[in-house]
Amino acid sequence: ALAVPHHTAVFYMGLANAALISTGLQRHGLPAEHPVALVERGTTPGQRHVLTTLGELVETIEREALKPPTLIVVGEVVRLADTLGPGMMTMARHGVAPMDGRRLAV
């Protein structure tokens with residue numbers, strides 16, 4: 001029920017289950033390229049955002065050394081990060097293209 005195109009799913013405290021989330025959503029129809037945002041320590045001065053894809057979710061978490069509390073946001077809304085959050089602090093991108101289709105540097 002969560003693997004619906006054009007919908008947004010948010011997983012609170014999902015880092016421990018990131019592999020299950022990624023494989024489950026892909027198994028039920030979402031592509032590996034589906035966009036994902038990770039928001040670490042949201043609403044604090046240490047807030048950090050990382051953009052990735054379902055297929056790269058686990059590797060991105062490991063590479064970026066993300067720690068709880070981290071929110072996992074899955075859906076096309078992630079592609080609007082540049083438009084909706086110009087004041088965001090640190091934002092790394094791993095394979096997520098913005099809405100205009102341009103590929104972002106990794």
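Mentor: Of the chain's 106 residues, 44% count as buried, where buried means under 20% relative accessible area, exposed over 50% and partly exposed in between, with a 1.4 Å probe and protein chains only. This is a predicted model, in which local features need pLDDT of at least 70, side-chain atom pairs count only at pLDDT 80 or more, and totals for chains, interfaces and linings use all residues. Residues are numbered from 1 along each chain as its sequence is written, and side-chain values use heavy atoms, with hydrogens and water left out.

Trainee: How many helices and strands are in the chain?

Mentor: The chain has three helices and five strands. They are DSSP runs numbered from the N terminus, helices being H or I with at least four residues and strands E with at least two. Along the sequence the pattern is β-α-β-β-α-β-α-β.

Trainee: Which strands does β2 pair with?

Mentor: Strand β2 is joined to strand β3 (residues 48-53) by six bridges, and the two run antiparallel. Two strands pair if DSSP finds at least two bridges between them. β2 also pairs with strand β4 (residues 70-74), in the antiparallel sense over five bridges. For landmarks, Pro35 has Thr53 as its bridge partner in β3, and Leu38 has Ile72 in β4.

Trainee: And is β2 buried or exposed?

Mentor: Six of the six residues of β2 (residues 35-40) are buried, so the strand is largely enclosed by the rest of the structure. Pro35, Ala37 and Val39 point one way, while Val36, Leu38 and Glu40 point the other way, and all are buried.

Trainee: What about β4, how many of its residues are buried?

Mentor: Four of the five, so β4 is largely enclosed by the rest of the structure as well. β4 also pairs with β1, in the antiparallel sense over three bridges. There, Ala9 has Val74 as its bridge partner in β4.

Trainee: Switching topic. Which residues have the most contacts inside the largest nonpolar core?

Mentor: Phe11, Leu25, Leu38, Ile61, Ile72 and Val74, in a core of 16 residues. A nonpolar core is a set of buried Ala, Val, Leu, Ile, Met, Phe, Trp, Tyr and Cys residues joined through side-chain atoms within 4.5 Å. The elements giving two or more residues to this core are β1 (9-11), α1, β2, α2 and β4. The largest share, three residues, comes from α1.

Trainee: What does Ile72 touch?

Mentor: Leaving out residues up to four places away in sequence, Ile72 touches Ala9, Val10, Phe11, Gly14, Leu15, Ala18, Ile21, Val36, Ala37 and Leu38. Contact means heavy atoms within 4.5 Å. There is also a second, separate core of five residues, including Ala37, Leu51, Val73 and Ala81.

Trainee: Last one: at what angle do α1 and α2 pack?

Mentor: Helix α1 (residues 18-27) and helix α2 (residues 57-64) pack at about 155°, with their axes 8 Å apart. That makes α1 roughly antiparallel to α2, a label for angles over 145 degrees, with under 35 roughly parallel, 65 to 115 roughly perpendicular and the rest oblique. Axes are lines fitted to C-alpha atoms, for helices over the stretch in contact, and angles run from 0 to 180 degrees between N-to-C directions.

Trainee: Which residues make that contact?

Mentor: Ala18, Ala19 and Ser22 of α1 meet Leu57, Val58 and Ile61 of α2.
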